[in-house]
Amino acid sequence: MSVPDGHLSEELQPSERIGFHTTVEVRWSDMDVYQHINHARMVTLLEEARIPWLLVDGKPTANLRHGAVIADLHVKYRGQLRHEDGPLDVFMWVDKVRAVDFVVGYEVRARGASLDTPAAIVASTQIAAFDIDSQRLRRLTGPEREYLESWRRV
């Protein structure tokens, strides 16, 4: 099954979405001696994938770029990804939203792989809103929560 046209668009109702899709380029330096993407570099690629979804101007969550911390991270490798598999297709959604944090789910596949193909990488990141000045967690704002809730998988 391929992604239906517009099915990942922010203009759709949340119940019609399957997630936010972006691509990330694989650099030669992302490879390890075994010629697949190194774990630390995969974590960086997941971070790069979140930026156009959550941290760019105009998004209700853009202020998180000035104060957010990674509270938890899980990466499961179900297959290998290599340099020639890029740019990688990354699908993201929100699993959970709480008062000060939220959990992002990820599926990463080689470029152009069908959604019927098992993801090579399945990951999750718990991100907490953080006030840099007070050095304490802060509550998510109403607009942040609403935007994040709109990306929950139903």
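Let me begin with a single side chain, that of T61, which reaches the backbone oxygen of L54 at 2.6 Å. T61 itself lies in the loop between α1, residues 39-55, and β2, residues 68-77. Is T61 buried or exposed? With a relative accessible area of 0%, T61 is buried, because the cut-off for that class is under 20%. If we leave aside the neighbours within four places in sequence, T61 is in contact with W53, L54 and L55, and also with E144, Y147 and L148.

Let me now step back to the whole chain. The protein chain has 2 helices and 6 strands, and from the N terminus on, the order of its elements is β-α-β-β-β-β-β-α. There are 154 residues in the protein chain, and 40% of them count as buried. The chain exposes about 8,600 Å², and carbon and sulfur atoms supply 50% of that area. As for contacts with a separation of 6 or more, 64% of them come from residues 24 or more positions apart.

Next, the strands, and I would start with β3, residues 88-97. How many of the 10 residues of strand β3 are buried? The count is 8 of the 10, so β3 is largely enclosed by the rest of the structure. On the pairing, strand β1, residues 20-24, runs antiparallel to β3 and is joined to it by 5 bridges, with T23 having D89 as its bridge partner in β3. β3 also pairs with strand β4, residues 101-109, in the antiparallel sense and over 8 bridges, and here V90 stands opposite V108 in β4. Between β3 and β4 there are 3 residues, and the two strands form a hairpin.

T125 counts as buried because its relative accessibility is 1%. The side chains of T125 and Y106 are joined by a polar contact of 3.1 Å. Beyond the neighbours within four places in sequence, the contacts of T125 are R50, I70, D72, L73, F102, V103, V104 and Y106.

Q126 is also placed in strand β5. The side chain of Q126 makes a polar contact of 2.4 Å with the side chain of D101. The C-alpha atoms of Q126 and A71 are 5.3 Å apart in space, although these residues are 55 apart in sequence. Again leaving aside neighbours within four places, Q126 is in contact with V69, I70, A71 and D72, and with R98, D101, F102 and V103.

Let me return to the salt bridges, of which the count comes to 6. Side chains of opposite charge can pair when their charged atoms come close. R27 forms a salt bridge with E48, with 3.3 Å between the closest N and O atoms. This pair links distant parts of the chain, since R27 is in the loop between β1 and α1 while E48 is in helix α1, 21 residues apart. R27 is partly exposed, with a relative accessible area of 30%, and E48, at 30% relative accessibility, counts as partly exposed. The side chains of R109 and E107 meet in a further salt bridge, at 3.1 Å from N to O. R109 counts as buried at 5% relative accessibility, and E107 counts as buried at 19%.

Finally, the confidence values, as promised. The mean pLDDT of the protein chain is 88, and 88% of its residues reach 70 or more. Over residues 1-9, however, the pLDDT is below 50, and this stretch has 21 contacts in the model beyond near neighbours in sequence. Where pLDDT is low, the predicted coordinates should not be read in detail.

Methods. Residues numbered from 1 in each chain as written. Predicted model: local features only at pLDDT ≥ 70, side-chain atom pairs only at ≥ 80, totals over all residues. Heavy atoms only, no water. Helix = DSSP H or I, 4+ residues; strand = E, 2+ residues; numbered from the N terminus. Buried < 20%, exposed > 50% of the residue type's maximum accessible area, 1.4 Å probe, protein only. Polar contact = N/O pair within 3.5 Å; in protein donor to acceptor, adjacent residues only side chain to side chain. Contact = heavy atoms within 4.5 Å. Areas by Shrake-Rupley, 256 points an atom, 1.4 Å probe, with all protein chains shown as cover. pLDDT = per-residue confidence, 0-100. Pairing = 2+ DSSP bridges. Salt bridge = Lys/Arg side-chain N within 4 Å of Asp/Glu carboxyl O.
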